[in-house]
Amino acid sequence: MTSSASRLPRAQPQRRALIVGYLTYRGDARVKNQVRVLRENGYAVDVICLADDSEEKVGSVNLIGIKLPHYRGSKALRYLRSYTNFFLRATFRATMLSARHAYDIAIACNMPDSLVFCLIAPKVL
């Protein structure tokens with residue numbers, strides 16, 4: 001005789017997605033749309049972004065804010081320094097998050113395209 005528990009279908013682990021962008025979540029419609037589509041398809045979503053959003057949950061979205069001002073001035077060197085600082089911190093956070101749980105999807109939502117390198121660890125681990 002088999003127990004009723006052994007006949008129940010096993011729950012599938014929730015699929016996970018990571019989005020990284022040198023932006024604020026509340027101020028970027030592209031990221032909000034991507035999150036909405038991912039959530040509608042059953043994904044748990046983590047977003048690494050600028051710290052205007054800090055570390056909080058918005059609905060079922062986990063926002064991981066990096067405390068840096070969003071530089072929009074005309075000095076190329078200051079922009080490069082701010083962007084590089086974000087890149088290094090985002091890479092570290094993405095690596096730490098991916099060590100905790102695997103991501104099925106990793107999205108770099110930003111220009112320049114070099115931000116995609118922040119997502120190497122989440123795709124490899």
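In the predicted model, the buried residues of helix α2 are V31, V35 and L38. Around the helix axis they span an arc of only 65 degrees, which places them on the same side of α2. The opposite face, turned away from the buried side, carries the exposed residues A29 and E40. Several strands contribute to the cover over the buried residues of α2. Among the covering elements are β1 (15–20), β2 (43–50), β4 (61–66) and β5 (105–108).

Just after α2, G42 adopts a positive phi of about 85 degrees.

The loop between β1 and α2 contains T24. At a relative accessibility of 17%, T24 counts as buried, because the cut-off for burial is under 20%. The C-alpha atom of T24 lies 7.3 Å from that of A51. Along the chain, T24 and A51 are 27 residues apart.

Aromatic contacts were searched for next. Across the whole structure, two aromatic pairs were found. One joins Y22 and Y83, with ring centres 5.3 Å apart. Their planes meet at 75 degrees, so this pair is edge-to-face. Y22 sits in the loop between β1 and α2, whereas Y83 belongs to helix α3 (residues 76–100), so the pair ties together parts that are 61 residues apart in sequence. Y22 is buried, with a relative accessible area of 4%. Y83 is buried too, at 6%.

Y22 also pairs with F86. The centres of these rings are 5.3 Å apart, and their planes stand at 65 degrees. Angles over 60 degrees count as edge-to-face, so the Y22–F86 pair falls in that class. This pair likewise links distant parts of the chain, from Y22 in the loop between β1 and α2 to F86 in helix α3, 64 residues apart. Both Y22 and F86 are buried. Through these ring pairs, Y22, Y83 and F86 form a cluster.

Helix α3 also holds S98. S98 is buried, with a relative accessible area of 5%. A polar atom of the S98 side chain lies 2.9 Å from the backbone oxygen of T95. This distance is within 3.5 Å, the limit for a polar contact.

The overall architecture was then examined. The protein comprises four helices and five strands. In sequence order, these elements follow the pattern α-β-α-β-β-β-α-β-α. The protein has 125 residues, of which 38% count as buried. Contacts between residues at least 6 apart in sequence were also sorted by separation. Of these, 63% join residues at least 24 apart.

Conventions
Residues numbered from 1 in each chain as written. Predicted model: local features only at pLDDT ≥ 70, side-chain atom pairs only at ≥ 80, totals over all residues. Heavy atoms only, no water. Buried < 20%, exposed > 50% of the residue type's maximum accessible area, 1.4 Å probe, protein only. Helix = DSSP H or I, 4+ residues; strand = E, 2+ residues; numbered from the N terminus. Arc of directions from axis to C-beta. Contact = heavy atoms within 4.5 Å. Phe/Tyr/Trp six-rings, centres within 6.5 Å; stacked < 30°, edge-to-face > 60°. Polar contact = N/O pair within 3.5 Å; in protein donor to acceptor, adjacent residues only side chain to side chain.
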